[in-house]
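I opened this entry to write down, step by step, what I looked up in the structure shown below. I begin with the sheet and then turn to the helices.

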Amino acid sequence: MTKVFASLYFLCKQRIAHTTNYEPLLDFIGFLGDKLKEKVFVGRNAHYTSRKSIQEYLKCLSDVLEKDILEELKSSQQFSLMFDETTDCSVREQMVLRARYIHSVNGNIEVRYLKIIDCLTDRHTLDAETISSIVVKYIEDHDRSYKHLKGIGTDGAAVMTGRSNGAVKRIRQKQLSAQNDEEFKCEAVGCHCAAHKLNLASQQAGDHISYIKKFKEILRQLYDFFDNSAVRSAGLLAMQKLLGCPERKVLEPSSTRWLSIGNAVLRLKDILPSVVCSLEREAEERGNAVAAGLCRFLSEYEFACTLLLLCDVLPKVNVLSRVFQNCSVDFSTAMQLKQSIVSMLESLKSVEGENLKALDFFILQMENAGITIKYQRGLRQDCSSREEAKTRFMRNIKGPFLKSFLQTLMIDLQMVMYWVRSAFSIPPK
């Protein structure tokens, strides 16, 4: 039976649909010579491969894994909890609970998943009281001492971090009230996820500039245009082969996936000529109005400038985001990296980045592919209109974007460092 459970565990770890693929996997293992299916087919009416049986297997696996993790957690003198609410495919509100702790044997920092908890089994509203009561109940049910709780990590939403009535505030109040007999009261530090905060800073900086906001909307429309049609995707691939461009897809610029917009602009820079030519063909041969609109926007000089500007900025920010997402974060290194990014953004105000320096060559590549670059409606495509368009880009887009990005980045990261310093301070009695 160990192999039966291990097969199901493999599907879950690989994020493969387990309820539909479990029995076929057992059949394939049987074909290879190990008759696992006979272990669960114990009678004519006792075939333990149904959806209900698989869910029961998973519950058993979950209980065993959780028990081992809780044993490690109980032996640690310092731990923190991280939780976030989510909605599953059946639109049920759930909360994911993770623990971060120092291993009592090897001293390593461990980050382990604990449980997914249904939030609204006996309540109707997912408010701060509901969230805090779920976390408190989990701590008390598993005999964890509040004095060992050092940190609480959340996504920074008001329901989590509200100063007067947030879930973190309620948990800390419960923590203090449970330590009446302690000589020194310990109070956990509430922390907004640094990587999440960095992503918010990137989004908010762009939302202050109308063209950047429109640019992000166009990235999303462009991804949906090709992703929703196998025919269009095949047409893009054929155009890439014809032009000798890298044969790659348009990446999804999701606002909730922290590194996706930076990756999306880097990809688009590599394949932009083939994308524009493919959109032109869709507009001319099939009369697609969406393709025509996207083609006009992507052919603008300001679009090329903005794309290269974001290629200079966002990948550098992605490096810092990856540092914050490490299990063991070295904050001295992270802050040095933060300072280098701030210095880079300051320098970009007066000089052009690596990608923006290559703007003329980038435009030449577009024109060699037969694309007419639009500098401004009503102006001729001559050198003076190009200079005017670049001046307009520097004044209306680049300058305001860098200024806004620097402001939001400094404010948010200063708050992260405040939380870090708070973790090492002794609260007043």
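Helices (H or I, at least four residues) and strands (E, at least two) are DSSP runs, numbered from the N terminus.

I noted first that this is a predicted model, in which local features need pLDDT of at least 70 and side-chain atom pairs count only at pLDDT 80 or more, while totals for chains, interfaces and linings use all residues. Residues are numbered from 1 along each chain as its sequence is written, and side-chain values use heavy atoms, with hydrogens and water left out.

**Sheet.** I looked up the strand order and found an open sheet of five strands, β5-β4-β3-β6-β7, with mixed pairing. Its edge strands are β5 (109-118) and β7, each of which pairs on one side only. From one strand to the next the twist averages 20°.

**Around β4.** I then followed β4 (residues 93-102), which pairs with β3 in the antiparallel sense over nine bridges; β4 and β5 also pair in the antiparallel sense, over nine bridges. M95 in turn stands opposite I117 in β5. In the hairpin of β4 and β5 there are six residues between the strands, and G107 takes a positive phi near 75°.

**Helix α7.** Which residues of helix α7 (residues 167-177) are buried? With buried meaning under 20% relative accessible area (1.4 Å probe, protein chains only), I listed A167, V168, I171 and Q175. They cover an arc of only 100° around the axis (taken from the directions from the axis to the C-beta atoms), which puts them on the same side of α7. Counting contact as heavy atoms within 4.5 Å, I found that these buried residues pack against β3, α5, β6, α6 and β7.

**Helices α9 and α13.** Using axes fitted to C-alpha atoms, for helices over the stretch in contact, and angles from 0 to 180 degrees between N-to-C directions, I read that α9 (residues 210-227) and α13 (residues 301-325) pack at about 85° with their axes 11 Å apart. That makes α9 roughly perpendicular to α13, a term for angles of 65 to 115 degrees. The contact is made by Y211, I212, F215 and I218 of α9 and by E302, F303, T306, L307 and L310 of α13.

Methods
Buried means under 20% relative accessible area, exposed over 50%, partly exposed in between (1.4 Å probe, protein chains only). Angles under 35 degrees count as roughly parallel, over 145 as roughly antiparallel, 65 to 115 as roughly perpendicular and the rest as oblique. Two strands pair if DSSP finds at least two bridges between them.
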